[in-house]
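Hi,

Here is the structure I said I would pass on.

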Amino acid sequence: MSFLRRRKGKAENLEPDESETEKEPEPEPQGEKQTTTRRRRRNPNPNRWSCVANCCWLIGVICSIWWFLLFLLNAMPASFPQYVTEAITGPVSDPPGVKLRKEGLTAKHPVVFVPGIVTGGLELWEGHSCADGLFRKRLWGGTFGELYKRPLCWVEHMSLDNETGLDPAGIRVRAVSGLVAADYFAPGYFVWAVLIANLARIGYEEKTMYMASYDWRLSFQNTEVRDQTLSRIKSNIELMVATNGGNKVVVLPHSMGVLYFLHFMKWVEAPAPMGGGGGSDWCAKHIKAVMNIGGPFLGVPKAVAGLFSIEAKDIAVARAFAPGVLDKDVFGLQTLQHMMRMTRTWDSTMSMIPKGGDTIWGGLDWSPEEYCHCDAKKLKNNDTKDADPYGVNYGRIISFGKDVAETHSSKIERIDFRDAVKGNLLANATHCDVWTEYHDMGVGGVKAVSDYKIYTAGSILDLLHFVAPKMMARGDAHFSYGIADNLDDPKYEHYKYWSNPLETRLPNAPDMEIYSMYGVGIPTERAYVYKLTPTAECYIPFQIDTSAEGGSDNPCLKGGVYSADGDETVPVLSAGFMCAKAWRGKTRFNPSGIRTYLREYDHAPPANLLEGRGTQSGAHVDIMGNFALIEDVLRVAAGATGDELGGDKVHSDIFKWSERINIDL
């Protein structure tokens, strides 16, 4: 049976009209036709997947290049990066460890590292079913892989109990132990690693170095209640002194670790059961020096913004750039609400609320800094002699509106919020997946907060009690923020005062030394301009007003944030005041006259990408790789004193600012 169709028509019509007929197709074998038909059915449009093919090709090229670069990185000589760097920037100086080893310095005093908030690793020991397979895997630090894979499960396990501040039922997250607990925060992002490597170059090893890791989410006393961390630190220090010829330890606390070790020094000498029972001379027998790095002795305004609206300068900018993505119901994320609910269970964050009230931080119409040079270029070079000062009232830590921040207090009408009745629930708050304490405030409570308009360090505590009563109830049991009238009052023997240097005495250890080491020359958050968030479901009602700009008239105000000199996190005032004045010489806060030293490190950013995070950085974490700071640490660990380092090294106006603070010494 023929499969060819014949066209109807007259045979003699040899040249048919093309408009009336179509050209008869060429006959083809049956097998080939069936193959062609299947091919057409399989790929009816050959160009349909060209976009996917191109994307796959591009991904393949990128992966190939990436693996080729990794191969080159592993194949190249170890000295090649240094060769390239020297070719671009000139000869590179030896790392401090190499330099001091050539000078003959060797390990002498054991070294104790006390990490700060968020820089220490946390791992899972017990969890709910959503965390199956994560036993002893890091939930905090490392790659943060579980945050991306199961974010809500991660938030659940990183949160503490909102009533007790301890473990929720069925969850145990604990601090990683050993030097690896905080040598790197994430792959490639060092914290203590550079300092540890340089100590190793002059002879240190793990038996002469100890990482005092702890669960930085807990209140300081609760680290002892739950984990006996303070007792472990005490035992390890005693062991290191006993096994190293009686040489006392050099302690290196960083960031919040500075406050944690202040608490430890009071705890270790206090009688049991509240304290460690070491006796009044324990610190004198076991500690040579405490070299505080980036210490927020008097708190940081950044903590206020974090607790009030879960913001800092960078988050505020992101919130303005993509409104609603972080804090509202767009895509159902509610990221900021989850973060606020989680971080408000971390009692340690309350240790960094500004201490000393208006006496230290300034009031409605004054601040110790008074005039500040806010030009970033000037701050980087600390070239403030020829710079024009700008008057900024940093005492107003929170102002609702730029005009309020700049107007004299006598011209501002304020309505007290303390006795305000919290109104109706926020819109549809009962349907919110993420509960925060703002849902209990209601519209009336939110309006009362904004109507007060200005909050100084003295009224910040009342504000936080109003907006977060559960959190502050826990905080009141563990921390205090005032200035002691009489340190002989028995109430100051309670542990809640031990981390506030204005409400406790230093140990009776006249041979001990205390250093305050921090970066300067970087604009650092000092005060904020706020606004009300437009009403929406499940929202945080307050946010930094990123539209508030000072312009050329006041460059200290950018994106709703007033900046002062500091290390990008801790203002100079908080890091330097205690060693500049309150502990200088024999005072009621330092009755034995422990010698104190200020060591400021002028910030210089890396000259090029090959320098990484730089060797002269003054930034809060990057300073841990600052060669000058590392050299100071190594010299003291090898036996030098503060006087042999050269005494104070100051670039800022900390002494002038300290004189403006009227405090009984």
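**What I found**

At 15% relative accessibility, R226 counts as buried (buried means under 20% relative accessible area, exposed over 50%, partly exposed in between, with a 1.4 Å probe and protein chains only). Before going on, a word on the source: this is a predicted model, where local features need pLDDT of at least 70 and side-chain atom pairs count only at pLDDT 80 or more, while totals for chains, interfaces and linings use all residues. Residues are numbered from 1 along each chain as its sequence is written, and side-chain values use heavy atoms, with hydrogens and water left out.

**Salt bridges**

What does R226 pair with? It forms a salt bridge with D167, and the closest N and O atoms are 2.9 Å apart (a salt bridge is a side-chain nitrogen of Lys or Arg within 4 Å of a carboxyl oxygen of Asp or Glu). R226 sits in helix α8 (residues 220-227) and D167 in the loop between α6 (151-158) and β4 (172-175), so the pair ties together parts 59 residues apart in sequence. Helices (H or I, at least four residues) and strands (E, at least two) are DSSP runs, numbered from the N terminus.

R418 counts as partly exposed at 34% relative accessibility, and D462 counts as partly exposed at 32%.

K447 and D451 form a salt bridge too, with 2.9 Å between the closest N and O atoms. Both lie in helix α18, four residues apart, about one turn of the helix. Salt bridges that share partners also join D167, R174, D215, R217, R226 and D227 into one network. A search of the whole structure finds 27 salt bridges.

**Inside the protein**

Helix α21 (residues 572-582) is mostly covered, with 11 of its 11 residues buried. Among the buried ones are F577, M578 and K581. The cover over the buried residues of α21 includes α15 (357-361), β14, β15 (522-532), β18 (561-566), β19 (595-602) and α24 (654-659).

D632 is a charged residue to look at: it lies in helix α22 (residues 627-637) and is buried, with a relative accessible area of 7%. Leaving aside its neighbours within four places in sequence, D632 is in contact (heavy atoms within 4.5 Å) with M291, M517, R599, Y601 and L645.

**On the outside**

E493 lies in the loop between α20 (469-478) and β14 (513-520), and is exposed, with a relative accessible area of 58%.

**Overall numbers**

The protein has 24 helices and 19 strands. Of its 665 residues, 51% count as buried. Among contacts between residues at least 6 apart in sequence, 74% join residues at least 24 apart.

Cheers
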